[in-house]
Amino acid sequence: MSAVVRTLLLWCPDWPVLAAEIIDGVPATGPVAVLHANRVLACSEQARAEGVRRGLRRREAQGRCPGLTVVDHDPGRDARAFEPVVAAVEEVAAGVEVIRPGACALPARGPSRYLGGEEAAAERIVEHVAQSCAVESQVGIADGVFAAGLAARQGRIVPPGGTPEFLSTQPVEALGRPPLADLLRRLGVRTLGDFAALSAGDVLARFGFDGALAHRMAAGRDDRPLAVRRPPADLTVTADLDEPIERVDVAAFAARTLAERLHERLAGHGLACTRLGIEAVTAHGQELHRVWRHDGLLSAAAIADRVRWQLDGWLTGARRGGPARPTAGIIRLRLVPDGVLAQAGLQPGLWGETGEERERAHRALTRVQGLLGPEAVVTAALGGGRSPADQVRLVPWGDERAPTRPPAAPLPSWPGRLPPPSPAVVLPTALAVHVWDAAGEPVTVSARLAMSAPPARLSTDATVEALVRVGVGRGVEIVGWAGPWPVDERWWAPTEARRRARFQVCLADGTALLLAVEHGRWLLEAIYD
């Protein structure tokens, strides 16, 4: 269970009414009511003075206040009007979470330490919101979001450790669950203190999961921790070009300078880029955008190469059957680090941790890639599957090594997969072989996986002999075998269906092979080390 966070919550009374005034110009100083489902959701102070209350039907509210201005509820309007308030709070203290339009919360520790105490922080935030947005607000501070929200309605600062006592005197209606509050009152439970005194197990059994969450809040324990949003650093770099660029070599020169600026900015924040957005704007206002993924440390040279490849695709793609090239030259380039992570969190590679050796290897491979193209240098990405060929995918160097199939850590996820160890060599295309029994007859496998006889010898053609050193003709004796492991894949798609049985065999010379029988033919799929 996470500890309860000391929380500062800012609350704007009658926010739906204020939002209607800010967005639609409805005068909030007069009698105004915001309705949802034909009932009053919020009303102005003047409307309350004339007897309008939340929950009243429209006709009854208008009967109590004949001059009532009725406004339909619009959640989008409330959110749009509240965004400047949140921005104003963030100018004073970082880490704001919007609870709902009209209320936002943040940890109280930071602003209280910086501004000289919780009371000073509350006054500073209320004053800044009033000056920036012309909006009246109240602040409450307590242990947890729920208690801070109740304290904000009273403009109160609950001392540390005093939240359970503060909540104990609040009515059960403060939970914001009218059906539960009505039931609790009929059972004689009228305050949050009475409700918190009940056994948690009994509450769960009688009121269900929602009642258990309300019980936690009544006891001063939030149902979820405060999830703050910190303003991200602006890492985007942009270059405005003096003249429109239509040649790839000229654009690549500008891209290299831009890539170095981006790399320096990321390094200054201790970050590495894992997903790079490349944006370009032409002289005619056409906007081009593409995202490149990357697995590992993206150096300045690697960023420049990817920008060059992308510009090459945009400017010359039409000659290669791609989309039509832009109608004008490029006048602006922008690099957006769409995905970043701490450099210390990069996964160690073949050359160890992030450092000089790793960067040297990256530069060398990226250089080869720049000379021969992005598909010339590939790495293996492991994933799920039932056969070795399915579990390995080759991806270009620097691209994200995401598996096309989910990993096979849980055994039930890929029933029928081969047991370890994995073969050392997986052939790109399975090669035909011949398996004989002791009498010299071909070994067959029925549809019910019944073998005609145990395999005794294996023979190959000249192509396979170069791989496994098995002589053509008589072949080599099979001294051990295991299987069959059947695979019946994609049976629901006739054009993609595949049914085969696999065997592991060990030859007299010590070679171990992975064989498969498909449509009556024996195939060599992989070789064990």
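The legends below describe close-up views of a predicted model. Local features need pLDDT of at least 70 and side-chain atom pairs count only at pLDDT 80 or more, while totals for chains, interfaces and linings use all residues. Residues are numbered from 1 along each chain as its sequence is written, and side-chain values use heavy atoms, with hydrogens and water left out.

**View 1. The open sheet has four strands in the order E5-E6-E1-E7, paired antiparallel.** Strands E5 (97–100) and E7 (138–143) form the edges, each pairing on one side only. Neighbouring strands are turned by 25 degrees against each other on average, direction ignored. Strands (E, at least two residues) and helices (H or I, at least four) are DSSP runs numbered from the N terminus; two strands pair if DSSP finds at least two bridges between them.

**View 2. E5 pairs with strand E6 (residues 103–107) in the antiparallel sense over three bridges.** Arg100 stands opposite Ala103 in E6.

**View 3. Helix H6 (residues 118–133) lies across strand E1 (6–11) and E7.** H6 runs at about 25 degrees to E1. Axes are lines fitted to C-alpha atoms, for helices over the stretch in contact (heavy atoms within 4.5 Å), and angles run from 0 to 180 degrees between N-to-C directions. Helix H7 (residues 145–154) lies across E1, E5 and E7, at about 145 degrees to E7.

**View 4. Helix H4 (residues 75–92) has a kink of about 30 degrees at Phe82, shortly before Pro84.** The bend is the angle between axes fitted to the seven residues ending there and the seven starting there. Buried residues (under 20% relative accessible area, 1.4 Å probe, protein chains only) of H4 include Arg77, Asp78, Phe82 and Glu90.

Note on methods
The expected span of a helix is 1.5 Å times one less than its number of residues. Buried means under 20% relative accessible area, exposed over 50%, partly exposed in between (1.4 Å probe, protein chains only).
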